[in-house]
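Q: Please take me through the following structure. I shall ask about strands, helices and a few individual residues.

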Amino acid sequence: MRVLPAIMILVLSLPVNASKFFARDELKDLHLGEVFFYAHQQKYFEALASLDAELAQFYEVDERQLNSLAKHHNLADFSVGEIELQYRMHKRADKAIRAVLGSEVDLLTRNRAVLALANLLYQKDDPQGAIVVLESIKQKAVVSNSDDEESTTSISGDQAEQVIADADYLKALSYVSIGQYSKAIESFEKARGFEHLEGYWHYNYATAFLLNNQPERAFSLYNSLGRISTDDPALAALKDKVNLKLANFFMDKNNSLADPKQAKDFFDRVRLDGPFSNQALLGSGWAALSDESYQRAIVPWTLLHERNITDESVQESMMALPYAYSKLQVYGKAANLYHYAVNQFTAEIQRLDQSIRMVRDGSFLKAMTDKRHLKDENWLVNLRTLPETPETHYILSLMASAEFQSFYQNYKDLDKLNETLDHALTSLDAYEDIIAKRRAYIEPLLPAIEARFKQIDSKLRLRVEQRDNLAKKLNNILVQPRPEFLAFSNERFYLNRIAQLERKIPSKSGQSYQRLQRLKGVVLWNIYREYDRRLTDSHKSLMSLDDVIAKEKEAYNSFVRTRQAATQSYEGYTIPITRIRAQIENTKRRLEGVQAKQGHLMETLAINELDRRRKRLESYQIKARFAMAENYDRAIKAESDAEIKAIQERKLQLEKEQELLELQNQQQQNQKQQMQEQQKSSSETNSEERASLNGSDGHNLNLITEMAGV
Amino acid sequence: MTVKVYTFKPHWIKQFILNLIFATFVLSGISLHAAEVSSDELKGIDEQVQDIKKDVLGLTSELKNLEEKLLFPSNTQFSVFVSLTGNNNFEIDGMQVKVNNKIVAYHAYTFKEVEALRAGAVQRIYTGNAKSGNHMVEVSFVARDSSGDTFQKNASYRLEKGVGPKFVEVVVAGQSGSGQPIAFKDW
């Protein structure tokens, strides 16, 4: 019983797109913005690749709060799940979304994560699980602040309300799936009035009543949905579908409530240019035929007869229209239409055979993944315009089914992944080439650079050491003044010279010694007198020396970085490249195997569908041939009957003419007889007179008789 | 909207359900009878596809890191990003980026890309290398205003590249009356 509601319910895919909820001015991370740039264009692979790299980098750093992603990392975590869901990576999406639910996130993000997870469970045929998850959707939440005080926060706004409505809608669908229809109705009620759910909500709401044994309410809802006025193509198609279903219900002969007239009203509600128009025109004809109104059936069927031959309804109309003419005893027209149908069916069977061959030789799969599909949304439909591709109109219903679409998406994804891997292999080749060229250029230069670097390095170290000594001395002077340390070189020369001379002079009371002392005094005087200024100048000099050394160090570091970068530009890549290449080749082998399986499955589905349509056409063709022959016979019979009738009528006319002639002759004979009688009577009178004259009565009588016989 | 209520005998519901089921099976029956594989096998293929996607994503991530390290090392990396701001009363058609008077990027926008930018996304238009020091970035874009007239704007920015990677965001505001049509943001 569980399969029933699952089939009846129309599932609207709930909107899942992180970037839709992202206010532009709030962006604090360029890389996350780039992820949404891809996600918004439905380039989910590129989006996930960027987001994975960004998150990996974020979780690797120690001080995450300094990373620009820190302000959005909850959204980024949740986006992984959402984008994975869009990319049909359900296993990983499930994990990612549950991880978000286990972390501290704002209420709106949490509700969206709950909805996404429930949607995932529902798609995995776990409605019970979806209901349990949806129970955690909240409009208010209690949060603890830093002072361990609790406060209540609530969410509002369009986004928040939409998420809650989507959750109620999904919960209702889940209740329908497990047969709890009254609860489903309650949940549907909560999701009432949201524009984005319009139509689907209405249909499913009606279905819930139907399943809950409230047929009148359900029918009223279906009926009202079948009468809505809308410009939305999807909603208009849904409206047509509902009307068609209601019409088919009233057309069902097994239904005690079958009422073809009522059915015709519903058929007539279906648009003539909508996707269900062919079925409606066909049904409308059959509805008219049910009360033997063949003339009325001819109108929709003639219209349908002119449409695309590949449609099942059109093909049926090619049998139905001559049938109606036949019933109207227009056998010639019927026979001609059957003849036309036989020719058309023959041509279509040939096309189907050719299509089956093309599917078998791989043209179908090749055409489906043609790059033009990226620019043409109706690519699958328009495949028929290409040479060497099958007639896709025969498999439109198949291709529109969710199952086939899922296979097709998988196949396309795998094809793109294969291209990505091919591109990666080419990139690896290019990288190796770059590395080899860099090595060839840099390695010969390195020894000379290294030697020069060592010289500069030792000089710099020496200078730094000298500077440190100076700084140390100056600091010591500050604590314990040592003016002689600040003597200029000439002063130090003078003092040294004076000391030498002092040692050479034996008497310290002589004039020469006195002079030396005075000289020494002058030198020291200058040193001591200028001590403060010299100390200040020394500090200034030390500071300027620091600037120079800083610049030297900068240049040194820059050189170290460049040298390191130069080495790193070709060192350490061999192992990763070899490993990645091996992984790519392994993944490619697996991918090609799975893609072949998926492709074979699609080809099988397509061939089976084409074969089904072919058998159907063959059956029509046989019936049409018999009907054509029968109608030709009837037409010929009718023609010969008409000829016989005409001959009979002519004969009858001739007989009448003969009778008339005979009558006229009779009349003439009568007249002659009368005349003869008159003559006789008169002759008798005369004979008597003549007999008396010559006695010749017998001869005259014979003569009159002869005359009368002429 | 006119709502007409039909009253039926209770047993009609079963017929209606059967009818709907039949109709639905007719539509989906194609695949149900045609598929020569079990649902477990279908599930298996789907899971294998998911595993491959996961593996390729991992490989792409590794390759991206390798590429960045090899071609755009962090000490020289320099990227230009584009975003839109303002009231969206224009439609951007193309963008050109020059670095030190040399054209490094030109991009013609698709409808989807413009929509993504309008939704708040950011486009990386250029990634290259630049040495430490000052560089001149010149940006110009071509767009159409609400009346369909084409206009062009340009602006330049002197950026100082340090030791680490450098990211510059070009914020396009269209024909902004008061503010700048193009603003630069250093990240």
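Predicted model: local features only at pLDDT ≥ 70, side-chain atom pairs only at ≥ 80, totals over all residues.

Q: Is B:Asn101 buried or exposed?

A: B:Asn101 counts as exposed, at 58% relative accessibility, and B:Asn100 as partly exposed, at 43%. Buried means under 20% relative accessible area, exposed over 50%, and partly exposed in between, with a 1.4 Å probe and protein chains only.

Q: Turning to the sheet in chain B, what is the order of the strands?

A: The order is S4-S1-S7-S8, four strands in an open sheet with mixed pairing. Two strands pair if DSSP finds at least two bridges between them. Strand S4 (123-129) and strand S8 (182-186) of chain B are the edge strands, each pairing on one side only. From one strand to the next the twist averages 20 degrees.

Q: Which pairs are parallel and which antiparallel?

A: Strand S1 (residues 77-84) and strand S7 (residues 166-172) of chain B pair in the parallel sense, over seven bridges. S1(B) pairs with S4(B) in the antiparallel sense over six bridges, and S7(B) runs antiparallel to S8(B), joined by five.

Q: What are the bridge partners of B:Phe81?

A: B:Phe81 has B:Glu169 as its bridge partner in S7(B) and B:Arg124 in S4(B). In S8(B), B:Phe184 stands opposite B:Val170.

Q: How many residues of S1(B) are buried?

A: Eight of the eight residues of S1(B) are buried, so S1(B) is largely enclosed by the rest of the structure. B:Gln77, B:Ser79, B:Phe81 and B:Ser83 point one way, and B:Phe78, B:Val80, B:Val82 and B:Leu84 the other way.

Q: And how many in S7(B)?

A: Seven of the seven residues of S7(B) are buried, so this strand too is largely enclosed by the rest of the structure. The residues pointing one way from S7(B) are B:Lys166, B:Val168, B:Val170 and B:Val172, with B:Phe167, B:Glu169 and B:Val171 pointing the other way.

Q: Now chain A. At what angle do H11(A) and H12(A) pack?

A: Helix H11 (residues 215-225) and helix H12 (residues 233-251) of chain A pack at an angle of about 130 degrees, with their axes 8 Å apart. Axes are lines fitted to C-alpha atoms, for helices over the stretch in contact, and angles run from 0 to 180 degrees between N-to-C directions. That makes H11(A) oblique to H12(A); angles under 35 degrees count as roughly parallel, over 145 as roughly antiparallel, 65 to 115 as roughly perpendicular and the rest as oblique.

Q: Which residues make the contact?

A: From H11(A) they are A:Phe219, A:Tyr222, A:Asn223 and A:Leu225, and from H12(A) A:Leu238, A:Lys239, A:Val242, A:Leu246 and A:Phe250. Contact means heavy atoms within 4.5 Å.

Q: What covers the buried residues of H13(A)?

A: The cover includes H11, H12, helix H14 (277-289) and helix H15 (294-305) of chain A. The buried residues of helix H13 (residues 260-269) of chain A include A:Phe266 and A:Phe267.

Q: Finally, which residues does A:Gln595 touch?

A: Not counting residues up to four places away in sequence, A:Gln595 touches A:Tyr411, A:Leu414, A:Asp415 and A:Asn418. A:Gln595 lies in helix H26 (residues 574-691) of chain A and is buried, with a relative accessible area of 7%.

Terms used: Residues numbered from 1 in each chain as written. Chains lettered and ligands numbered in written order. Heavy atoms only, no water. Helix = DSSP H or I, 4+ residues; strand = E, 2+ residues; numbered from the N terminus.
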